[in-house]
Amino acid sequence: MGKAHCTAILLAGGRGKRMGTAQSKMYLLIQDKPVLYYSLDVFEKSGVIDEVVLVAGKGQIPYCRREIVEKYGFQKVKAIVEGGAERYHSVWEGLRVLEKENKKGGYVFIHDGARPFINEEILERSYEEVCKSRACVVGMPVKDTIKIADEKGCIHMTPNRSLVWQIQTPQVFAEELIIPAYREVIEKEQELLSQGIQITDDAMVVENVCGCPVRLVEGSYANLKITTPEDLEIARIFADEKEL
């Protein structure tokens, strides 16, 4: 049996709020190339990923097309769409591109463009797992002891560290699982919000709507998310050492 068709939905609409910059963090430079370039480059060269749907920020489609996709010659980018107010809105805009094609049997890799150090080994491990389980997320066991706080800011409990993972992306799902699940979340959005349910990652969508087990796949401690100026400095140091 041949490899299933795999689409990467790459979220590129992050703002620079916590970064303290007017420019989107996706376009800040690491070794003279924008943050967004690096994950796109991995997908372009990957034997796992067949195509990419790039989800840009508000008003950023022309810039993404001209300064990222065309400038660096990324051939796998099949569509650039504008994202929404929240992360899950942006994911849905990407999924709608696939929904219109009505393909069967494919897999979707949902990845944050602010994580530039994704690599082929992570993609291969994720693909192997999603073919078996239909739903998996990349992450790493936490290094630090974690405390759960109460509403007064006091320690409520200490979970077993061996069971606690720091979740990363990509998060990977069978198309026939994730598209209907996201559609239901969007349709019931106000009801979920009224219940205090905040959708912060894609696994939550599958967990809440489908009740489907989501497997954990080992990522990398280097697969960091660039959110603050300190993250960007760490990424630059890491890139220098790796000579990307």
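I take buried to mean under 20% relative accessible area, exposed to mean over 50%, and partly exposed to be in between, with a 1.4 Å probe and protein chains only.

**Ground rules**

I am looking at a predicted model, where local features need pLDDT of at least 70 and side-chain atom pairs count only at pLDDT 80 or more, while totals for chains, interfaces and linings use all residues. I number residues from 1 along each chain as its sequence is written, and side-chain values use heavy atoms, with hydrogens and water left out.

**Salt bridges**

I count a salt bridge when a side-chain nitrogen of Lys or Arg is within 4 Å of a carboxyl oxygen of Asp or Glu. By this rule I get 13 salt bridges.

I started with R183, which is partly exposed at 29% relative accessible area. Which residue does R183 form a salt bridge with? Its partner is E99, and their closest N and O atoms are 2.5 Å apart. R183 lies in helix α5 (residues 175–187) and E99 in helix α3 (residues 87–101), so the pair ties together parts that are 84 residues apart in sequence. For helices I use DSSP runs of H or I with at least four residues, numbered from the N terminus. I also looked up E99, which is partly exposed at 27% relative accessibility.

Next I turned to K45 and D41, whose side chains meet in a salt bridge at 3.1 Å, N to O. Both residues lie in helix α1 (residues 35–45), 4 residues apart, or about one turn of the helix. Is each one buried or exposed? K45 counts as exposed at 65% relative accessibility, whereas D41 is buried at 17%.

I then found E184 and K188 joined by a salt bridge of 3.0 Å, N to O. E184 is partly exposed at 29%, and K188 is partly exposed at 37%.

**The cavity**

I call a cavity a set of points on a 1 Å grid over the protein atoms alone where a 1.4 Å probe fits but cannot get out, and its lining residues have an atom within 4 Å of a point. How many cavities of 30 Å³ or more does the structure hold? I found 1, and the largest cavity has a volume of about 30 Å³. Y88, V185, E189, L192, L193, I197 and I199 line this cavity. Helix α6 (residues 189–194) gives the largest share of the lining, 3 residues.

Technical notes:
1 Å grid on protein atoms, 1.4 Å probe; cavity = no way out; pocket = protein on both sides within 12 Å on 5 of 7 lines; lining within 4 Å. Points joined across faces, edges and corners; volume = space filled by probe spheres on them. Helix = DSSP H or I, 4+ residues; strand = E, 2+ residues; numbered from the N terminus.
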